[in-house]
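Visitor: I would like to learn how to read a few features of this structure. Could you walk me through them?

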Amino acid sequence: MGLTLADSYYLKAKAASQGFHSDWEEVCESLNYALSYDETHCASLCLLGEVYARYLSMPTEAYACFDKVIAADTNYHEVYYLYIKYLIWNKELERAEKLVAFAETIPNSSKAQLQWLSSYIEEVRGNYDACLKTLKEAKKHCYNDGYFDFIEEEEKRIKKKMKLEKPAK
């Protein structure tokens with residue numbers, strides 16, 4: 001079993017999209033090739049959705065890509081983290097919450113990442129206490145130091161925001 005042409009072109013697109021000096025011509029060309037070989041290639045659709053959401057400010061097109069991934073393979077858990085993040089960025093918090101709840105039922109989904117996304121929703125709402133509580137829960141589901149450290153840094157950042165909310169003496 002080897003890589004498909006869609007896999008190979010996805011990897012080219014992903015590599016070209018990394019870093020400060022992204023090669024957008026290569027990203028677009030490789031994504032188009034990947035999706036021409038397999039129009040439901042989940043990783044390629046996720047990357048295309050990310051390009052639409054993050055770089056082109058086209059959330060509707062991004063959501064269509066993410067929906068296509070979920071329709072093709074509901075167990076492709078990577079789509080949920082991206083989709084939820086961009087829903088939050090666009091203040092579609094109720095929809096994001098529903099997607100978090102659904103994603104928690106997906107096998108092998110990262111409970112820590114989903115808890116962090118839930119905390120992000122609470123942060124956007126200004127519910128900092130609930131945010132901290134959810135971050136604490138997320139730490140219980142971290143299985144590497146890097147993500148654990150990230151969650152701790154998020155806690156520190158939220159605590160700083162809470163201090164800004166307190167009236168000056």
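Guide: Gladly. This is a predicted model. Let us begin with a definition: helices are DSSP runs of H or I with at least four residues, numbered from the N terminus.

Visitor: How many residues apart are Lys156 and Glu153 in helix 9?

Guide: They are 3 residues apart in that helix, so about one helical turn separates them. The two form a salt bridge, with the closest N and O atoms 3.2 Å apart. Lys156 is partly exposed at 48% relative accessibility, and Glu153 is partly exposed at 45%.

Visitor: What is the N to O distance in the salt bridge of Arg157 and Glu123?

Guide: Their side chains meet at 2.6 Å. This pair links distant parts of the chain, with Arg157 in helix 9 (residues 145-165) and Glu123 in helix 7 (residues 111-125), 34 residues apart.

Visitor: Is Glu123 buried or exposed?

Guide: Buried means under 20% relative accessible area. Glu123 has 9%, so it is buried, while Arg157 is partly exposed at 31%. Lys139, in helix 8 (residues 128-139), is buried as well, with 19% relative accessibility. Leaving aside residues up to four places away in sequence, Lys139 touches Phe148, Ile151, Glu152 and Glu155.

Visitor: Where does Ser57 lie?

Guide: Ser57 sits in the loop between helix 3 and helix 4 (59-72). Although not a glycine, Ser57 has a positive phi of about 50 degrees. Another case is Lys91, in the loop between helix 5 and helix 6 (93-103), with a positive phi of about 60 degrees. Ser57 is exposed at 60%, and Lys91 is exposed at 58%.

Visitor: Which residues lie nearest the centre of the largest pocket?

Guide: Those are Lys14, Gln18, Leu47, Glu50 and Leu82, out of 16 lining residues. The pocket's volume is about 320 Å³. Helix 3 gives the largest share of the lining, 7 residues. By type, the lining divides into 10 nonpolar, 2 polar and 4 charged residues.

Notes. Residues numbered from 1 in each chain as written. Predicted model: local features only at pLDDT ≥ 70, side-chain atom pairs only at ≥ 80, totals over all residues. Heavy atoms only, no water. Helix = DSSP H or I, 4+ residues; strand = E, 2+ residues; numbered from the N terminus. Buried < 20%, exposed > 50% of the residue type's maximum accessible area, 1.4 Å probe, protein only. Contact = heavy atoms within 4.5 Å. 1 Å grid on protein atoms, 1.4 Å probe; cavity = no way out; pocket = protein on both sides within 12 Å on 5 of 7 lines; lining within 4 Å. Points joined across faces, edges and corners; volume = space filled by probe spheres on them. Nonpolar A, V, L, I, M, F, W, Y, C, P; charged D, E, K, R; others polar. Salt bridge = Lys/Arg side-chain N within 4 Å of Asp/Glu carboxyl O.
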